[in-house]
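Please open the model in the viewer and keep the sequence panel beside it.

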Amino acid sequence: MWNRRELLQRSAALSGLASLGLGRPAWAQLNGNAVIVSGFPAGGMGDNVARPVAERLRGRYATSLMVEARTGAGGRIAVEYVKRAAPDGLTILQIPSSPMTLYPHTYKKLNYDPLTDFAPVCSTVTYAFSFTAGPGLPAEIKTVADYVAWARANPKLATYGIPAAGSALHFAGMLLQKAAGIEMTSVAYRGGAPLLNDLLGGQVPVSFNVVGEVMPHVRSGKLRSLAITSAQRSPFLPEVPTLIEQGYKNIAVQEWLGWFLPARTPADVVLRLNTLVGEALQVPDFVAALATYGLQPIHQSPQEFAQMVKADYEKWGPIVRSTGFTAED
């Protein structure tokens, strides 16, 4: 469902053109202080992308470029803030895909329209999820089939942790529950860090996590990944099969991190920011650093990114309706 192979190929082609200096106009930097607004706390995944890119864009895109966290409401506060900003290119939204493609189908009312209130700039990285077992699950359970058999025999114990209710990881769990025909009870945490602590401590037997969060613990043997949720195996845990490979043909969920500007931002400003971000995503040291967090660079033109946003928005609609889930403010 979220196959990025073609987009990654196109990204590589665009990056190659940029590295050769083809098709790039001569731009003067914006006058003023630009800010990248993130919807999540400092020190998390977003910071691992935004701050290194800001360093490379400072003095090239605008006079200065800072990162500011406006947290709360699952990222919606940051989205609403940037929607209201002047369309001068100085206020940039960095946000995961869910607030732009999933939330419109789970919340009865949003104070923004992701398809009309913003100018899509580009995606920066994509990341998969892991269906992960900890010491709270019997050690002999190695596959999803093993887990399903155990859950059928132990329905009261079949709880799974998620970093937030209504997140894409939550829907991965609901889709698995429905496809396998088993009863599973979700346990929502306030973020990935407390969830990971309880998974490692055995308080919750399994969970859905961003691959980068559990990768070191899977490699060390403290945790075991039963499946990857993306359409293809993760290059960071290549030995772990996908849910599709294990018989769940319609479950393929992953997310991206994207940059947006307010609607009506001039097209040349959008293109300029897109080009500079694309160049930053080619730097070998930065790509290597992203890999340590389980993040894959992905860069497209603004038009291609807009198409991806719309396609993911449309794909989430029937999925949400099939679960009957409604988010609560």
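Is E255 buried or exposed? Select E255: it is buried, with a relative accessible area of 8%. Here buried means under 20% relative accessible area, exposed means over 50%, and partly exposed lies in between, using a 1.4 Å probe and protein chains only.

This is a predicted model, in which local features need pLDDT of at least 70 and side-chain atom pairs count only at pLDDT 80 or more, whereas totals for chains, interfaces and linings use all residues. Residues are numbered from 1 along each chain as its sequence is written, and side-chain values use heavy atoms, with hydrogens and water left out.

**Around E255**

Colour strand 9, residues 254–262, which contains E255. Helices (H or I, at least four residues) and strands (E, at least two) are DSSP runs, numbered from the N terminus. Next, display the residues that E255 touches: S97, S98, V125, T126, Y127, F129 and A168, leaving aside residues up to four places away in sequence. A contact means heavy atoms within 4.5 Å.

**The aromatic rings**

Now show the aromatic side chains; the structure holds 13 aromatic pairs. Rings of Phe, Tyr and Trp (its six-membered ring) pair if their centres lie within 6.5 Å; planes under 30 degrees apart count as stacked, over 60 as edge-to-face and the rest as tilted. Select F131 and Y147, an edge-to-face pair with 5.2 Å centre to centre and 90° between the planes. F131 belongs to strand 4 (residues 118–133) and Y147 to helix 6 (residues 144–153), so the pair ties together parts that are 16 residues apart in sequence. F131 is buried at 0% relative accessible area, and Y147 likewise counts as buried at 0% relative accessibility.

Then select Y112, F118, W256, F260 and F305, which form one aromatic cluster.

**The whole protein**

How many helices and strands does the protein have? There are twelve helices and ten strands. The radius of gyration is 20 Å, close to the 20 Å that the globule rule gives for 329 residues, so the protein is as compact as a globular protein of that length. This radius is taken over C-alpha atoms, and the rule is 2.2 Å times the number of residues to the power 0.38. Along its principal axes, the C-alpha trace spans about 65 × 40 × 30 Å. Of the 329 residues, 53% count as buried. Among contacts between residues at least 6 apart in sequence, 78% join residues at least 24 apart.
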